[in-house]
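Subject: Structure handover

Dear colleague,

Please find the structure below, with the sequence.

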Amino acid sequence: YPLQDEKVEYFGGSQEASIVATVKLPAGDLIITGTHPGPPRTTSRIIRRNQQMSGIADYAASLSVPHLVTGDLNSSSWSPFFQDWLRRSGMRDSRVGFGVQPTWPVDKQPLLRLAMSTTLDHVLVSPEVHVIARSTGAFTGVVPMNETGIHVKLMRDAVVSTTAAATPTVVVAPSLMCIVAR
(Lines give C-alpha, C1' and ligand atoms only; values in the text may rest on other atoms or scores of the structure.)
Protein backbone atom coordinates (compact mmCIF):
# COMPACT_ATOMS: atom_id res chain seq x y z
CA TYR A 1 0.00 0.00 0.00
CA PRO A 2 1.55 3.31 -1.00
CA LEU A 3 2.02 6.19 1.40
CA GLN A 4 -0.13 9.23 0.64
CA ASP A 5 -0.39 12.77 1.95
CA GLU A 6 3.21 12.66 3.17
CA LYS A 7 4.34 15.69 5.10
CA VAL A 8 7.15 16.77 7.38
CA GLU A 9 6.10 17.96 10.84
CA TYR A 10 8.05 19.54 13.68
CA PHE A 11 6.29 18.57 16.92
CA GLY A 12 6.67 20.39 20.23
CA GLY A 13 8.83 23.12 18.73
CA SER A 14 11.50 20.55 17.85
CA GLN A 15 14.04 21.01 15.10
CA GLU A 16 13.93 17.23 14.56
CA ALA A 17 11.66 16.41 11.64
CA SER A 18 8.97 13.73 11.80
CA ILE A 19 7.22 12.25 8.79
CA VAL A 20 3.44 11.86 8.80
CA ALA A 21 1.72 9.90 6.05
CA THR A 22 -1.56 8.14 5.36
CA VAL A 23 -1.88 4.59 4.12
CA LYS A 24 -5.09 3.80 2.24
CA LEU A 25 -6.05 0.27 3.36
CA PRO A 26 -9.15 -1.67 2.25
CA ALA A 27 -10.61 -1.15 5.75
CA GLY A 28 -9.87 2.60 5.75
CA ASP A 29 -7.07 5.05 6.40
CA LEU A 30 -4.14 4.43 8.71
CA ILE A 31 -1.98 7.41 9.72
CA ILE A 32 1.69 6.71 10.39
CA THR A 33 4.07 9.06 12.17
CA GLY A 34 7.75 8.19 11.82
CA THR A 35 10.10 10.03 14.14
CA HIS A 36 13.59 9.97 15.67
CA PRO A 37 14.13 12.38 18.56
CA GLY A 38 17.75 13.07 19.38
CA PRO A 39 19.51 10.99 22.03
CA PRO A 40 19.06 12.26 25.61
CA ARG A 41 22.77 12.71 26.37
CA THR A 42 22.48 16.05 28.21
CA THR A 43 19.78 17.82 30.21
CA SER A 44 18.98 20.12 27.27
CA ARG A 45 18.68 17.14 24.91
CA ILE A 46 16.37 15.35 27.35
CA ILE A 47 14.16 18.44 27.44
CA ARG A 48 14.12 18.69 23.61
CA ARG A 49 13.32 14.97 23.22
CA ASN A 50 10.52 15.22 25.77
CA GLN A 51 9.06 18.34 24.12
CA GLN A 52 9.05 16.64 20.72
CA MET A 53 7.47 13.48 22.11
CA SER A 54 4.90 15.52 24.06
CA GLY A 55 3.89 17.25 20.82
CA ILE A 56 3.52 13.85 19.13
CA ALA A 57 1.44 12.57 22.07
CA ASP A 58 -0.92 15.54 21.73
CA TYR A 59 -1.16 14.97 17.97
CA ALA A 60 -1.82 11.23 18.39
CA ALA A 61 -4.48 11.89 21.05
CA SER A 62 -6.26 14.31 18.68
CA LEU A 63 -6.61 11.79 15.82
CA SER A 64 -9.96 10.11 15.20
CA VAL A 65 -8.61 7.46 12.80
CA PRO A 66 -6.32 4.48 13.48
CA HIS A 67 -2.68 5.45 13.69
CA LEU A 68 0.86 4.33 14.47
CA VAL A 69 3.88 6.13 15.87
CA THR A 70 7.12 4.44 14.84
CA GLY A 71 10.82 4.98 15.12
CA ASP A 72 13.83 5.24 17.36
CA LEU A 73 12.29 7.21 20.22
CA ASN A 74 15.47 7.13 22.32
CA SER A 75 13.43 6.04 25.32
CA SER A 76 13.10 2.59 26.83
CA SER A 77 9.73 0.98 27.42
CA TRP A 78 10.37 1.19 31.18
CA SER A 79 11.04 4.91 31.31
CA PRO A 80 8.51 6.82 33.45
CA PHE A 81 8.39 9.44 30.67
CA PHE A 82 7.54 6.74 28.10
CA GLN A 83 4.81 5.27 30.32
CA ASP A 84 3.31 8.75 30.84
CA TRP A 85 3.55 9.31 27.08
CA LEU A 86 1.50 6.15 26.41
CA ARG A 87 -1.22 7.28 28.84
CA ARG A 88 -1.27 10.81 27.43
CA SER A 89 -1.41 9.71 23.78
CA GLY A 90 -3.90 6.86 24.33
CA MET A 91 -1.60 4.51 22.41
CA ARG A 92 -0.24 1.04 23.24
CA ASP A 93 3.24 -0.43 22.95
CA SER A 94 3.14 -3.18 20.27
CA ARG A 95 5.75 -5.07 22.30
CA VAL A 96 3.27 -5.93 25.11
CA GLY A 97 2.44 -9.62 25.01
CA PHE A 98 5.44 -10.51 22.82
CA GLY A 99 8.30 -10.37 25.33
CA VAL A 100 11.01 -7.76 25.81
CA GLN A 101 12.36 -7.82 22.22
CA PRO A 102 15.25 -5.38 22.73
CA THR A 103 16.40 -3.27 19.80
CA TRP A 104 19.63 -1.74 21.11
CA PRO A 105 22.55 -2.34 21.00
CA VAL A 106 23.18 -4.89 18.25
CA ASP A 107 26.97 -4.71 18.10
CA LYS A 108 27.70 -6.40 21.45
CA GLN A 109 28.66 -9.99 22.21
CA PRO A 110 25.53 -12.14 22.80
CA LEU A 111 25.85 -12.40 26.60
CA LEU A 112 26.76 -8.73 26.98
CA ARG A 113 23.89 -7.75 24.68
CA LEU A 114 21.47 -9.79 26.80
CA ALA A 115 22.64 -8.03 29.96
CA MET A 116 22.73 -4.50 28.51
CA SER A 117 20.00 -4.38 25.89
CA THR A 118 16.86 -2.27 25.94
CA THR A 119 13.99 -1.12 23.75
CA LEU A 120 14.70 2.24 22.11
CA ASP A 121 12.82 1.57 18.87
CA HIS A 122 9.06 1.33 18.96
CA VAL A 123 5.86 0.71 17.06
CA LEU A 124 3.03 2.27 19.05
CA VAL A 125 -0.57 1.61 18.05
CA SER A 126 -3.91 3.31 18.60
CA PRO A 127 -6.77 1.31 20.19
CA GLU A 128 -8.28 0.41 16.78
CA VAL A 129 -5.09 -1.38 15.73
CA HIS A 130 -4.48 -4.96 16.86
CA VAL A 131 -0.97 -6.45 16.99
CA ILE A 132 -1.14 -9.99 15.55
CA ALA A 133 2.61 -10.71 15.55
CA ARG A 134 5.81 -8.87 16.45
CA SER A 135 9.50 -9.68 16.15
CA THR A 136 12.86 -7.94 15.96
CA GLY A 137 15.87 -8.64 13.81
CA ALA A 138 17.85 -7.63 10.78
CA PHE A 139 15.98 -7.26 7.49
CA THR A 140 17.44 -7.99 4.07
CA GLY A 141 18.03 -4.85 2.06
CA VAL A 142 17.93 -2.50 5.05
CA VAL A 143 21.04 -0.43 5.72
CA PRO A 144 22.93 -1.85 8.74
CA MET A 145 22.45 0.28 11.83
CA ASN A 146 23.29 0.18 15.50
CA GLU A 147 19.76 -0.96 16.31
CA THR A 148 17.53 -3.86 15.40
CA GLY A 149 14.50 -3.45 13.15
CA ILE A 150 10.97 -4.30 14.24
CA HIS A 151 8.48 -6.34 12.21
CA VAL A 152 4.81 -6.18 13.20
CA LYS A 153 1.70 -7.68 11.68
CA LEU A 154 -1.34 -5.54 12.39
CA MET A 155 -5.11 -5.56 11.93
CA ARG A 156 -7.59 -2.71 12.09
CA ASP A 157 -10.90 -3.19 13.94
CA ALA A 158 -12.85 -3.21 10.68
CA VAL A 159 -10.66 -6.03 9.33
CA VAL A 160 -10.71 -8.34 12.36
CA SER A 161 -14.06 -9.89 11.44
CA THR A 162 -13.19 -10.35 7.75
CA THR A 163 -10.13 -12.01 6.20
CA ALA A 164 -6.52 -12.16 7.24
CA ALA A 165 -5.55 -11.45 3.61
CA ALA A 166 -6.24 -7.77 4.25
CA THR A 167 -3.80 -7.66 7.17
CA PRO A 168 -1.02 -5.13 6.61
CA THR A 169 2.51 -5.89 7.67
CA VAL A 170 4.66 -3.04 8.91
CA VAL A 171 8.45 -3.22 8.92
CA VAL A 172 10.21 -0.52 10.89
CA ALA A 173 13.89 0.05 10.34
CA PRO A 174 15.30 2.34 13.03
CA SER A 175 15.47 5.95 11.91
CA LEU A 176 13.66 5.14 8.67
CA MET A 177 10.01 5.45 7.74
CA CYS A 178 8.09 2.19 7.96
CA ILE A 179 7.20 0.12 4.95
CA VAL A 180 3.64 -1.14 4.71
CA ALA A 181 3.11 -4.22 2.56
CA ARG A 182 0.25 -6.58 1.92
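Asp29 is partly exposed, at a relative accessible area of 30%; the term covers the range between buried, under 20%, and exposed, over 50%, with a 1.4 Å probe and protein chains only. Before the rest, the conventions: this is a predicted model, in which local features need pLDDT of at least 70 and side-chain atom pairs count only at pLDDT 80 or more, while totals for chains, interfaces and linings use all residues. Residues are numbered from 1 along each chain as its sequence is written, and side-chain values use heavy atoms, with hydrogens and water left out.

Salt bridges

Asp29 forms a salt bridge with Lys24, and the closest N and O atoms are 3.2 Å apart. The criterion is a side-chain nitrogen of Lys or Arg within 4 Å of a carboxyl oxygen of Asp or Glu. Lys24 is also partly exposed, with a relative accessible area of 36%. The structure holds five salt bridges. Another of them joins Glu9 to Lys7, with 3.7 Å between the closest N and O atoms. Here Glu9 has a relative accessible area of 26% and is partly exposed, and Lys7, at 39%, counts as partly exposed too. A further one links the side chains of Asp93 and Arg95 at 3.6 Å, N to O; both of these residues are buried.

Overall make-up

The protein has four helices and ten strands, taken as DSSP runs (H or I, at least four residues, for helices; E, at least two, for strands) and numbered from the N terminus. Their order from the N terminus is β-β-β-α-β-α-β-α-β-β-β-α-β-β. Of the 182 residues, 46% count as buried. The protein exposes about 9000 Å², and carbon and sulfur atoms supply 58% of that area; accessible areas come from the Shrake-Rupley method with a 1.4 Å probe, and for residues only the protein chains shown count as cover. Among contacts (heavy atoms within 4.5 Å) between residues at least 6 apart in sequence, 57% join residues at least 24 apart.

The six-stranded sheet

Six strands make an open sheet in the order β1-β2-β3-β4-β6-β5, with mixed pairing. Its edge strands are β1 and β5, each of which pairs on one side only. Two strands count as paired if DSSP finds at least two bridges between them.

Strand β4 (residues 67–72) has six of its six residues buried, so the rest of the structure largely encloses it. On one side β4 runs parallel to β3, joined by five bridges; the bridge partner of Ile31 in β4 is His67. Strand β4 also pairs with β6, in the antiparallel sense and over five bridges. In that pairing Leu68 has Val125 of β6 as its bridge partner, and Val69 stands opposite Leu124.

Strand β6 (residues 121–125) is mostly covered, with five of its five residues buried. Asp121, Val123 and Val125 point one way from β6, and His122 and Leu124 point the other way. Strand β5 (residues 92–93) runs antiparallel to β6, with two bridges between them.

Leaving out residues up to four places away in sequence, Glu6 touches Val20 and Ala21. Its C-alpha atom is 6.9 Å from that of Thr22, 16 residues away along the chain.

Loops and aromatics

Tyr10 sits in the loop between β1 (3–9) and β2 (18–25). Together with Val8 and Ile19, Tyr10 forms a nonpolar surface patch of about 290 Å² accessible area. Patches take residues with over 30% relative accessible area and no salt bridge, joining like charges within 9 Å and nonpolar side chains (Val, Leu, Ile, Met, Phe, Trp, Tyr) within 5 Å.

A search of the whole structure finds one aromatic pair. It is tilted, because the ring centres of Phe11 and Tyr59 are 5.2 Å apart and the planes are at 45°. Phe11 is in the loop between β1 and β2 and Tyr59 in helix α1 (residues 43–62), so the pair links parts of the chain 48 residues apart. Rings of Phe, Tyr and Trp (its six-membered ring) pair if their centres lie within 6.5 Å; planes under 30 degrees apart are stacked, over 60 edge-to-face, and the rest tilted. Phe11 counts as buried, at 8% relative accessibility.

Pro37, in the loop between β3 (28–35) and α1, is buried at 0% relative accessibility. Beyond its neighbours within four places in sequence, Pro37 is in contact with Arg49, Gln52, Met53, Asp72, Leu73 and Asn74.

Regards
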